[in-house]
Amino acid sequence: MSSTSRDGFTNKFGVIAAAAGSAVGLGNIWRFPYVAGENGGGAFLLVYLLFILIIGLPVMLSELLIGRKAQKNVFGAFRTLAPDKPIFISVGIMGVGAAFMILAFYAVVAGWTLEYAYLAVGNQLKGMDAAELSTFFNDFSSSTTGPLIWMAVFMVLTAGIVIGGVKNGIEKYTKVLMPLLLVIIIILCINALSLDGAEAGVAFLFKPDFSKVTGGVILEALGQAFFSLSIGMGVIATYGSYIQKKENLMFTALSVSFADTLIAVLAGVAIFPAVFAFGIDPSSGPGLVFETLPNVFNQMRGGYVFSIAFFLLLVIAALTSSVSLLEVVVAYFTEELKMKRKSATWLAGGSIAVLAVFCVISDGVFEFFDWTSSNILLPLGGILIAIFVGWVLGKQKMREELEAHGGKVILVGFLNIILKVFAPLAIGFVFLRGLGLL
Ligand code: PHE
């Protein structure tokens, strides 16, 4: 146990809401559809689901276990658990690096959602057709002032929540708002399926065309699985360190992965029928959701209200994820560099905002941060985390921590083999193959 009294989550629902709050975000609703759209749809979805199950889930469990066992930030955790194996400190270094990169472009996209929430309130997209909406998005996202201001607003909101700490900041907000988002997405799905020409979108998402599967597509699916689950960089380990011993980590990992995957698939169902019904190109990239959904709201009964609710909830989903990203850096600054929570938050948030400025100005920087963090840093972190739990901690310690709540956990031996052998080899193979090195 830790010697100082650490902040922490109060109960099971709080833990799941916060971890699911981190996992569910723009990754599900903005990134999943656009990456799936660029990588052929159905076959991508299938590979993605497979990776969630056989790699994502075990790695998520590993992170929870590492964090809770060590009761430390991601750097401190590896140092405490394996003081004689400094190589694993690199997970901490890459994790903090990844947090900077991800939050930098994430805050820009979150800024777009703020702009769209604002436009929705003023009903300003009303009456635009698909072509006009697409031009509108392109003009807005390639301008500077608007995106910069909204990005800054979003970073201030994120920092404001993180300063509040775990219980009074993160947990309080996520508990209430995430279930609401689910309801809105389900309504959007029903509406999307009733559009003329919806079948083409459903087929695109659910009928795998294996001729589309290349090494690059598989790596994108792996990267998306890591990104969406918030794993491979210490976010889940950091949250794990705030979880009490009485909680069942297996249950936490299963619920969070399930919720995350459900929302991504539902987002696909809400978006692809509309993409085809309105003649939008599924591979149009990061603008996909912003160009597609306003069409839906424009023709939908009650579209005005739904568009406001949807974009506001998307902002909130983004916030509960960005908060977890900033928390990784802040936990490191406060515990390792002994900074005060407040100054640590402003310093980290401020420097990330500076990086975000470059993402606003340059598409190249934006895409570099987006692609590299998911497809390089997170999988590399994932390999090290799996090896750490599989080999360094080993089966016995895994079992101890997984059963610390006093119950029995099945399949620990099987999980240990997955972490020791299967996950590192599979991630390594997909990684090298995707980069064309194998
Ligand atoms: N999982 C978050 C989302 O889907 C993004 C994220 C990635 C958060 C990595 C933390 C760590 O929006």
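How far does a polar side-chain atom of Y106 lie from an oxygen atom of the ligand? The distance is 2.4 Å.

Before going on, a word on the model. It is predicted, so local features need pLDDT of at least 70, side-chain atom pairs count only at pLDDT 80 or more, and totals for chains, interfaces and linings use all residues. Residues are numbered from 1 along each chain as its sequence is written, and side-chain values use heavy atoms, with hydrogens and water left out.

Now to the ligand's contacts, each with one of its oxygen atoms.

| Residue | Atom of the residue | Distance |
|---|---|---|
| A23 | polar backbone atom | 2.8 Å |
| G27 | backbone N or O atom | 2.8 Å |
| Y106 | polar side-chain atom | 2.4 Å |

Taken alone, the ligand exposes 320 Å², and the protein buries 100% of that (Shrake-Rupley method, 1.4 Å probe). There are 16 residues around the ligand, and A23, G27, Y106, F227 and S230 come nearest (a residue is near if one of its heavy atoms lies within 4 Å). The shell holds eight nonpolar residues, eight polar ones and no charged ones. Helices supplying at least two shell residues each include α1 (12–23), α2 (26–38) and α5 (89–121).

Elsewhere, the side chains of E401 and K245 form a salt bridge at 3.0 Å, N to O (a side-chain nitrogen of Lys or Arg within 4 Å of a carboxyl oxygen of Asp or Glu). The two residues are 156 apart, with E401 in helix α16 and K245 in the loop between α11 and α12.

Conventions:
A polar contact is a pair of N or O atoms within 3.5 Å; within protein, one must be able to donate a hydrogen and the other to accept it, and residues adjacent in sequence count only if both atoms are side-chain atoms. Helices (H or I, at least four residues) and strands (E, at least two) are DSSP runs, numbered from the N terminus. Ala, Val, Leu, Ile, Met, Phe, Trp, Tyr, Cys and Pro count as nonpolar, Asp, Glu, Lys and Arg as charged, and the others, Gly among them, as polar.
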